[in-house]
Amino acid sequence: MNNKSLPLIYVALDFETAEEAQQLITQLDATQVGLKVGKELFTAAGSEWVRRWVEQGFSIFLDLKFHDIPNTVAKAVVQAARLGVDVVNVHASGGRNMMETAKAALVKEPHQPLLIAVTVLTSMSDDDLLEIGVQRSAQEQVKALAELTQSAGLDGVVCSAQEATLLKSALGASFKLMTPGIRPAGSQQDDQKRVMTPEQAQRAGVDYMVIGRPITKAADPAQAVSDILASLAS
Ligand SMILES: O=c1ccn([C@@H]2O[C@H](COP(=O)(O)O)[C@@H](O)[C@H]2O)c(=O)[nH]1
């Protein structure tokens, strides 16, 4: 793991084109926020744009949620590290062998991003889990997958801020929590089910927040970022 201090907020760049993403990025300050590149933008724009944003000084979370056999995932996270991103992720439900193999491959790289694992998507509720055969509540399932992730040697998990207090007390302060499903008071919940406001998430002890639409769809995205940062500073 690298020791660089990472930003509290990663802006989710869920755009159709790199040009649209770049348009937003010109309004953002790399000393204030990081960028989260996910499946839509990465598939459309490719890795060259990710390199460019790294060169522009932004901390990048490459949110491709790898979920495959151990060899394939290990090779994919190594390629992510070579792009210079600071955070990369896999699905914890890919299992211990997959996570351990990915970590073992990453530690040989000169640049080592944080390797974290997705527990239960923040768009899922207890009922959604039941439908896919998971009898545990979202909170219990997050905790079980986070424990597996920690014992496989990864740096942290993606979870909702609703589980942060539980995970920090069970797994310790240094195990990193990256939390999407952040919604400033009064904003739309969209497809997210396990949400918290930025202030609630901060109080719950999350390390990093992923915030997309409340910033990217705001009339003034830079102002939306400033408002959120101001709410967290007080
Ligand atoms: O459990 C998860 C894992 C990843 N995400 C991603 O975060 C952003 C959230 O965007 P919003 O617009 O703030 O809802 C999005 O890119 C997801 O792919 C997540 O939401 N939940």
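Figure 1. Residues are numbered from 1 along each chain as its sequence is written. Because the model is predicted, local features need pLDDT of at least 70 and side-chain atom pairs count only at pLDDT 80 or more, whereas totals for chains, interfaces and linings use all residues. D63 belongs to strand β3, residues 60-66. Strands (E, at least two residues) and helices (H or I, at least four) are DSSP runs numbered from the N terminus.

Figure 2. D63 is buried, because 25 other C-beta atoms lie within 10 Å. Burial is defined by the number of other C-beta atoms within 10 Å of a residue's own, with C-beta atoms placed from the backbone: 20 or more is buried, 12 or fewer is exposed, and anything in between is partly exposed. Neighbours within four places in sequence aside, D63 contacts K36, V37, G38 and N89; a contact requires the C-beta atoms of two residues, placed from the backbone, to lie within 7 Å. K65 also has its place in strand β3. K65 is partly exposed, since 16 other C-beta atoms lie within 10 Å. With neighbours within four places in sequence again left aside, the contacts of K65 are N89, V90, H91 and V118. Although K65 is not a glycine, its phi is positive, at about 45 degrees.

Figure 3. Helix α1 spans residues 18-25, and A18, A21 and I25 are buried in it. Viewed down the axis of α1, the buried residues fall within an arc of 60 degrees and so line one face of the helix. The arc is that of the directions from the helix axis to the C-beta atoms. An α-helix has 3.6 residues a turn, so residues three or four places apart point the same way. E19 and Q23 are exposed residues on the face of α1 turned away from its buried side. The elements covering the buried residues of α1 include β2 (34-37), α2 (39-45) and α3 (47-55).

**Figure 4. Packing of helices α4 and α5.** The axes of α4 (residues 70-83) and α5 (residues 96-106) lie 8 Å apart, and the two helices pack at an angle of about 35 degrees. Axes are lines fitted to C-alpha atoms, for helices over the stretch in contact, and angles run from 0 to 180 degrees between N-to-C directions. The α4 and α5 helices cross in a right-handed manner. A crossing is right-handed if the near helix is turned clockwise from the far one by less than a right angle, and left-handed if anticlockwise. On the α4 side, the contact is made by P70, N71, V73, A74, V77, V78 and A81, and on the α5 side by N97, M98, T101, A102, A105 and L106. These residues comprise 10 nonpolar, 3 polar and no charged. Here Ala, Val, Leu, Ile, Met, Phe, Trp, Tyr, Cys and Pro count as nonpolar, Asp, Glu, Lys and Arg as charged, and the others, Gly among them, as polar.

**Figure 5. Packing of helices α7 and α8.** Helix α7 (residues 138-151) and helix α8 (residues 164-171) have axes that come within 10 Å and cross at roughly 35 degrees. The crossing of α7 past α8 is right-handed. Q139, K143, A146, E147 and Q150 of α7 make the contact with L166, L167, A170 and L171 of α8. By class, this contact has 5 nonpolar, 2 polar and 2 charged residues.

Figure 6. A30 sits in the loop between α1 and β2, and A30 counts as partly exposed because it has 14 C-beta neighbours inside 10 Å. Apart from neighbours within four places in sequence, A30 is in contact with Q56, G57 and F58. S93 lies in the loop between β4 (87-91) and α5. D190 is located in the loop between β7 (176-179) and α9 (198-204). D190, which is not a glycine, has a positive phi of about 55 degrees.
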